Amino acid sequence: MTNVKKFSKRAAQPLNPEELVEPLISGSRVALARAITLIESQQPTHREAAQQLLQQLLPRTGNSIRIGITGVPGAGKSTFIEAFGKMLVDQGHRVAVLAIDPSSSRTGGSILGDKTRMETLVKEANAFVRPSPTSGTLGGVHKKSRETMLLCEAAGYDVVLIETVGVGQSETAVREMTDFFLLLTLTGAGDELQGMKKGIMELADAIVVHKADGANEAPAKKTVSEFKQILHFIQPATIGWTPVALPVSSYKKMGLEDVWKTIEQFRKLTTESGVFEQTRSQQQKQWFKESVTDALISRFFASSEKKHLMKELEQQVAASELTVEQAVSKLFASSSS
């Protein structure tokens, strides 16, 4: 712990990746926070340093259960995460929460208010809450969420919760980086199900009917029954696992233990069948392919000439002077000439 304390005192000073490794794996939340900031930086020198840091930490990653959490508007994702995370910490787990805040499409700004909403959890020594803006990234996650998750694992967090912006078709991105995907919804399944996209339910390993207390307790149980019937007709997201529906009250702390038992059963079953590691391997390959695409786009538009031509072609397409296909052909023809 001496090294951690020394690091905290020097936190304001510039650090290189080598100086972050030891305090991070020793449990310094300051080191972890700074490592994540380094990962999220767009500066070329920072990006290179971040990858050097990750490479050194890779042997210590992969030991957590990665849980994606999404939900319909008003379902109480942050409330659930705080109650669920607090329960896990009390059981001896170390919990990291990557709470993704929506960025403004106009200003790029973000509320970043999850630390305020999780006042109890952030005070726990064995919990780490990190709000990050989506920065316009599809899928309701920051484009560096995967690397952030690895840093948290290297720092010793055995449960990583990823709270997404909300329900939408792009939630597939969250599914492709987590082990277990949890969908939060509310009572009143009739109207709720009419407005819910079938594709979102097909991603879920479990559905939590939240706020199942007081006058909502009986309707919540009815909603759970309706979900169970529907889940029988939906293709499971994970091979060999049948999705479940559970009533939960974060306010009364009811049903939280059932959620965790379900996740533990899921991990045991998929580990024994080999599906757990197979899924992670496929996710790594998908991540690599996405990164290749990102790199190609970035390098293609690295020159000012291509950027200028892109604007000209956009204007011609908008003015109906060129078809989209013709504009694309001209853009790529310029790169080969």
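A: Happy to! A helix here is a DSSP run of H or I that spans at least four residues, and helices are numbered from the N terminus. In this predicted model, helix α2 is followed by G27, whose phi is positive, near 110°. Within α2 (residues 17-25), the buried residues are P17, L20, V21, P23 and L24.

For context, the protein has 16 helices and seven strands, and 46% of its 337 residues count as buried.

Now to the packing itself. The largest nonpolar core holds 35 residues, and I67, F80 and F84 touch the most other members. Among the elements that give two or more residues to this core are β1 (65-71), β6 and α13 (256-273), but the largest share, seven residues, comes from α5. Take F80 as a case: beyond its neighbours within four places in sequence, F80 is in contact with I69, L182, L184, H210, V248, S250, L256 and V259. A second, separate core has 28 residues, including L98, F128, I162 and M177.

One of the core's contributors, β6 (residues 206-209), is joined by four bridges to β7 (residues 244-247), and the two strands run parallel. From β6 the chain crosses through helix α12 (residues 217-231) to β7, a β-α-β crossover that is right-handed. V209 stands opposite P247 in β7.

On to the aromatic rings. F80 and F84 turn up again here, forming one aromatic cluster with W260. Counting rings whose centres lie within 6.5 Å, there are seven aromatic pairs. In one of them, F128 and Y157 have ring centres 6.1 Å apart and planes at 45°, so this pair is tilted. The two are 29 residues apart in the chain: F128 sits in strand β3, while Y157 is in the loop between α8 (145-154) and β4. Both F128 and Y157 are buried.

The rings of F300 and F332 have their centres 5.0 Å apart and their planes at 35°, so they too are tilted. This pair also links distant parts of the chain, with F300 in helix α14 (residues 275-300) and F332 in helix α16 (residues 324-336), 32 residues apart. F300 is buried because its relative accessible area is 15%, and that value lies under the 20% cut-off. F332 has a relative accessible area of 48%, so F332 counts as partly exposed.

Terms used
Residues are numbered from 1 along each chain as its sequence is written. This is a predicted model: local features need pLDDT of at least 70, side-chain atom pairs count only at pLDDT 80 or more; totals for chains, interfaces and linings use all residues. Side-chain values use heavy atoms; hydrogens and water are left out. Buried means under 20% relative accessible area, exposed over 50%, partly exposed in between (1.4 Å probe, protein chains only). Two strands pair if DSSP finds at least two bridges between them. A crossover is right-handed if, with the strands pointing away from the viewer, the path from the first strand over the helix to the second runs clockwise. A nonpolar core is a set of buried Ala, Val, Leu, Ile, Met, Phe, Trp, Tyr and Cys residues joined through side-chain atoms within 4.5 Å. Contact means heavy atoms within 4.5 Å. Rings of Phe, Tyr and Trp (its six-membered ring) pair if their centres lie within 6.5 Å; planes under 30 degrees apart count as stacked, over 60 as edge-to-face and the rest as tilted.
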